[in-house]
Amino acid sequence: MINILEEIYYGNWRPDESIKSIDPNYKSINRKISSCMESFKKNLSETEFEQIEELFDLAGQSSAMHTAAAFVHGFRKGALLMIEVFNEE
């Protein structure tokens with residue numbers, strides 16, 4: 001069994017890297033995104049395509065921030081739940 005506290009201490013605990021969607025549409029959607037990007041690359045000027053790439057990068061950063069906030073929120077709610085469970089009153 002992996003000791004999570006040691007993993008955190010050594011900087012090896014990266015929950016965002018181990019999350020994989022189980023939604024059956026996940027792979028299909030990512031293939032469509034890749035297909036769209038290839039189409040943009042072929043049909044847009046280099047400057048326009050760079051703008052699309054920048055948009056995707058910004059959307060990715062925003063999504064990562066939201067995911068981190070959701071993780072913190074869920075972790076806090078879980079900790080509060082444990083406090084309530086172990087509260088003797």
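**Surface patches and aromatic pairs**

V72 lies in helix 4, where helices (H or I, at least four residues) are DSSP runs numbered from the N terminus. The structure is a predicted model, in which local features need pLDDT of at least 70 and side-chain atom pairs count only at pLDDT 80 or more, while totals for chains, interfaces and linings use all residues. Residues are numbered from 1 along each chain as its sequence is written, and side-chain values use heavy atoms, with hydrogens and water left out.

V72 is partly exposed, because its relative accessible area is 37%; buried means under 20%, exposed over 50% and partly exposed in between, with a 1.4 Å probe and protein chains only. V72 also belongs to a nonpolar surface patch, together with I4, L5, I8, W13, F71 and F75, and this patch has about 690 Å² of accessible area. Helix 1 (4-9) and helix 4 (46-86) are the elements that give two or more residues to the nonpolar patch. Patches are made of residues with over 30% relative accessible area and no salt bridge, nonpolar side chains (Val, Leu, Ile, Met, Phe, Trp, Tyr) being joined within 5 Å and like charges within 9 Å. A salt bridge is a side-chain nitrogen of Lys or Arg within 4 Å of a carboxyl oxygen of Asp or Glu. Accessible areas come from the Shrake-Rupley method with a 1.4 Å probe; for residues, only the protein chains shown count as cover.

Turning to the rings, 3 aromatic pairs are found in the whole structure. Rings of Phe, Tyr and Trp (its six-membered ring) pair if their centres lie within 6.5 Å; planes under 30 degrees apart count as stacked, over 60 as edge-to-face and the rest as tilted. Y9 and Y10 make an edge-to-face pair, at 5.0 Å centre to centre and 85 degrees between the planes, and both residues are exposed. The pair of F71 and F75 is tilted, because the planes stand at 40 degrees, with the ring centres 6.0 Å apart. Both phenylalanines lie in helix 4, 4 residues apart, about one turn of the helix. F71 is partly exposed, at 38% relative accessible area, whereas F75 counts as exposed at 55%. W13, F71 and F75 form one aromatic cluster.

A patch of negative charge on the surface brings together E46, E50, E53, E54 and D57. Asp and Glu count as negative, Lys and Arg as positive, and His and the chain ends are not counted; the place of a charge is NZ of Lys, CZ of Arg, CG of Asp or CD of Glu. E54 is in helix 4 and is partly exposed, with a relative accessible area of 48%.
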